[in-house]
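Please look through the sequence and the structure below before reading on. The briefing that follows takes up a few residues, then a nonpolar core, then the record's annotation and the confidence of the model.

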Amino acid sequence: ESVFNDTLNYDFLFVLFFHPDGNSSFFVPQRKSFPGIAEMAKLDATIRQKTRVLNFSGVSFAAIGKGHAIGSASLVSVALLGAFLSRVRLSNMIYISGVNTLDPLFFTFLIIGGMLPFAFSAMVMGSVAATVMDIVSEVKFQFERNPNLCAESHISSFERVKPDYLACVLVATRKSLQEMIAPTLLVVLSPLICGLFFGIIALTGMLIGCILSCIQLSLSMTNAGGAWANSKKFIERATGDDAIKSGSSNVYVASLVGDSVGDPLKDTVGPALNVMMRGMTVISLVFADVFLGVNQGRGVYGA
């Protein structure tokens, strides 16, 4: 118990002396693992309560670290966009005066670029749900095949069967790689198709719209996901009414839903949007000369 007390006391001191990104990378996993360790070790209820506080702070500090990552990715994406525009201006004098924001082509793809992160987020959330359902199916299959799986202590050691953990890991790994194909194609092909067929002006509008939407969405999903993930812990600690904390309570059931949705929001979609805006700007910069070579940067369908 003294170990957990010391950890909780010094936890906040680390935040003062270490950068939030480093703090999240090194200390958050330990804080989030304490409740599971305490439960598996069957420690006292008071110790498990302290570990829940550590988990609560771990999720919050992870959100702070993700916020710094979002800021870094945003600055990098804007810098890459500036490099792309500079490359275009140096290679073709047609674009030396910049881009007219009232151009219908620019404005159209500005809106399209703003919608791409929403489609990407929906794909990633759907991928998480599909992967989870496959894992649930694997676990149900193991329980149906072995009724004594994770049985109580009254079952003899000869009859007790250990779960096949490797099968669940393989399902999660294989399914996650398969589900990432569609979002990756969206990030890679969108700037290529836009630049080749519609030109530099359309691509510039799409990149600006995408970056703006990614910044807003990633911040919103990271913070909202962290709040939702902590809702169950907050209800368990803040209320003294056991009826509310029971599994039949509508409030507690709603917090479980928030916890289930909040985790993929803050851990999957938010960080993935950082990769999206950086990936699209990098691809645009790399293929800038290719885009300029198609009808002087106007694209296949350009006038």
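Once residues up to four places away in sequence are set aside, Gln-142 touches Leu-149, Pro-163, Asp-164, Ala-167 and Cys-168 in this predicted model. Gln-142 is found in helix H5, and its relative accessible area of 3% falls under the 20% cut-off, so Gln-142 counts as buried.

**Val-139 in helix H5**

- Val-139 also has its place in helix H5, but with a relative accessibility of 32% this residue counts as partly exposed, because that value lies between the 20% and 50% cut-offs.
- The C-alpha atoms of Val-139 and Cys-168 are 7.5 Å apart in space, although 29 residues separate the two in sequence.
- Cys-168 is also one of the residues that Gln-142 touches.

**The largest nonpolar core**

- The largest nonpolar core has 33 residues, and those with the most contacts inside it are Phe-84, Phe-120, Leu-203, Met-206, Leu-273, Met-276 and Met-280.
- Two or more residues of this core come from each of helix H4 (45-91), helix H5 (104-145), helix H7 (181-198), helix H8 (200-238), helix H10 (250-286) and helix H11 (288-292).
- Helix H8 gives the largest share of the core, 10 residues.
- With its neighbours within four places in sequence left aside, Met-206 is in contact with Phe-109, Leu-110, Gly-113, Leu-116, Ser-190, Pro-191, Cys-194 and Met-280.

**Annotated transmembrane regions**

- Under "transmembrane region", an unreviewed UniProt entry lists residues 58-85, 105-132 and 184-208.
- In the model, the chain over residues 105-132 is 100% helix and 0% strand, with its end C-alpha atoms 41 Å apart.
- For residues 184-208, the end C-alpha atoms lie 19 Å apart, and the span is 96% helix and 0% strand.

**Confidence of the prediction**

- The protein has a mean pLDDT of 78, and 76% of its residues reach 70 or more.
- Confidence is highest in helix H7, at a mean of 93, and lowest in helix H1 (residues 2-17), at a mean of 46.
- Where pLDDT is low, the predicted coordinates should not be read in detail.

Definitions and conventions
Residues numbered from 1 in each chain as written. Predicted model: local features only at pLDDT ≥ 70, side-chain atom pairs only at ≥ 80, totals over all residues. Heavy atoms only, no water. Core = buried A, V, L, I, M, F, W, Y, C linked by side-chain atoms within 4.5 Å. Buried < 20%, exposed > 50% of the residue type's maximum accessible area, 1.4 Å probe, protein only. Helix = DSSP H or I, 4+ residues; strand = E, 2+ residues; numbered from the N terminus. Contact = heavy atoms within 4.5 Å. pLDDT = per-residue confidence, 0-100. UniProt positions renumbered as here; feature names shortened; annotations may be inferred.
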